[in-house]
Every structure is written in structure tokens, then in C-alpha cells.
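Try each task before you read its solution.

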Amino acid sequence: MEVWIGRNGERHGPYQEEQVKEWLRSGQLSPEDLGWYEGLADWRPLSLLFPQDKPVPAPNPYGPPPLQQTQQAQPASRAIHFDYASFWQRFGAWVIDLLILMIPSMIVTYALGGVEAYKHLLDQIQAGADMATALRDYAKATEGANVASLAITFLYYMIFETSKLQATPGKLALRLRVTDLNGQRITLGRSAARNIVRLLGAVFGLIPIVCYLAITWTQRKQGLHDLWASTFVLNGTAQEQPPSRANGEQPGHFNA
């Protein structure tokens, strides 16, 4: 079992259960420190999560401050670790989302005359009409359907990324989530900025180049749309992450 530790307003981990128990026994963690693991509704004191471990003896009042001791000896003193999603994970999620979006796009294309425009294009080609003129007529006839499909795609990504899921169905299938630079749920404005780049890529036919290839060389595996909107795509769904507390919680409690 993996356990997260809360101390001094920071979240650390996750760590293995046996590690946490050992740190409790050795005094590197205090029974009053908070802990959380998947399945708990909220953070709880480690003394309640692991009651079999004896409390740490009272510190020497003439020695160094207890907090300073634990901070120096605490292996959990690092900030939360971000597990960035790889290029192929994100590409796979994009393919799944693309297949899902094909359904409403086909419906819109049919409703706005896209099928008739395609048939007219084939008739022009068979009749020996000028190819450039035929393609220009087809593009004009399907302009409304293309704009509607782009709007559906934009709303699809923006709504799902800003929801409690923090992910589109494609990302959920591969256990990924979208966050800001602090690992938190993104706002509508940030998602809109992120997907404007995706939208421009679609308009110019550069989706793989603009949105994904940068992941292969950026340090934190960010696409161009991530860099623009200051977002990450991380491993692990939002439901697998420790819950956060309200800003107005009482002093002395951990605030994720």
C-alpha cells in the first residue's frame, strides 16, 4: 500500500506502508503527522492509521527543536513528485479521443450537407471537371460542417479537462490527467488557452507536430499547447490523488 504524508502544509510521497511504519518507530515521523492512502475520504493522523506503532518518546527539552530534527532526518522532505506522461501514452489517448469525436463530427457533416457535397465532388471528377475548381467548391460546401466539428472538438477537450475527472475519455482510458504547474485542476481559461493551440494546429493540419512532437524533447514532457498554457499531463487519474482541504481549515492541519 502506498501512503502520502502531510506536514507543514506540504504533501510528500507516496511511500510504502512499511517505510512509514519504520519512520514512525524511529521518530522520523510524528504520530501527529497526517497520512492518506487510496480509499480514505480524508487525511488522518498517522497514529490512527497505524495504531500498532508506538508513539515517539517526548523530545529532550534541552536538545534541538523537534521539528528541526525531523526535517533533517525525514526522508520525505521532498515535494510531491510529478510523473509525466510519455509521448506514446499521450498519442494513444489522442487516438482514442479522435475515434470518439468522429461520431459527432459525422453526424454534423451529414446534417450540414457534407455527404451531398462529397457526392457532387465525385460527379465533377468523373465528368472531367477541373480538379482545383472541384476541390474549391467542395471546401466551400463543407465549410459549415468543418467549423462545427472544430467547435465540438474544442468544447470536448475544454469541458472534460476542467471537470473533476481532469481528463478526456482517451486520457482516462490510459490513466492520465491534465493539471496546472502545481498539480491542481485547471481553470476554463487555462484550458481554453491550451486548446486554442490545438485548434490552430487542426486548422493548419499540424496536430502531431504542434501538439505532440515537443513532448519528446522537453524536460517535463510538455507539448507546445502545454507550454503555452502552463499545464502538465501526468500519470494517474484525479480519483487516485490525495484529497485537498479547504483554504479555511484550522491552523495545524495539513492543507494540500
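**Exercise 1. The open sheet**

Which residue in β2 does Ile5 stand opposite? Then find the order of the strands in the sheet.

Before you start: this is a predicted model, in which local features need pLDDT of at least 70, side-chain atom pairs count only at pLDDT 80 or more, and totals for chains, interfaces and linings use all residues. Residues are numbered from 1 along each chain as its sequence is written, and side-chain values use heavy atoms, with hydrogens and water left out.

Step 1. Ile5 stands opposite His12 in β2. Strands here are DSSP runs of E with at least two residues, and helices are runs of H or I with at least four, numbered from the N terminus.

Step 2. Strand β1 (residues 2-7) and β2 run antiparallel and are joined by five bridges. Two strands count as paired if DSSP finds at least two bridges between them.

Step 3. The open sheet has four strands in the order β2-β1-β3-β4, with antiparallel pairing.

**Exercise 2. A loop residue**

Find where Tyr37 sits and list what it touches beyond four places in sequence.

Step 1. Tyr37 lies in the loop between β3 (34-36) and β4 (44-45).

Step 2. Contact means heavy atoms within 4.5 Å. Leaving aside neighbours within four places in sequence, Tyr37 is in contact with Met1, Glu2, Val3 and Leu49.

Step 3. Now compare sequence and space: Tyr37 and Pro14 are 23 residues apart in sequence, and their C-alpha atoms are 8.6 Å apart.

**Exercise 3. A buried strand**

Step 1. Buried means under 20% relative accessible area, exposed over 50%, and partly exposed in between (1.4 Å probe, protein chains only).

Step 2. Leu176, Val178 and Asp180 point one way from β5, Arg177 and Thr179 point the other way, and all are buried.

Step 3. The bridge partner of Leu176 in β6 is Asn235.

**Exercise 4. Between two helices**

Describe the surroundings of Asn195, then look at the helix that holds Tyr156 and Tyr157.

Step 1. Asn195 is found in helix α9 (residues 188-203). Asn195 is buried, with a relative accessible area of 2%.

Step 2. The Asn195 side chain reaches the backbone oxygen of Ser191 at 2.8 Å. Not counting residues up to four places away in sequence, Asn195 touches Phe154, Tyr157, Met158 and Glu161.

Step 3. Helix α7 (residues 143-162) has 20 residues and reaches 29 Å from first C-alpha to last, close to the 28 Å expected at 1.5 Å a residue; that expected span is 1.5 Å times one less than the number of residues. Among the buried residues of α7 are Tyr156, Tyr157, Met158 and Glu161.

Key
Polar contact = N/O pair within 3.5 Å; in protein donor to acceptor, adjacent residues only side chain to side chain.
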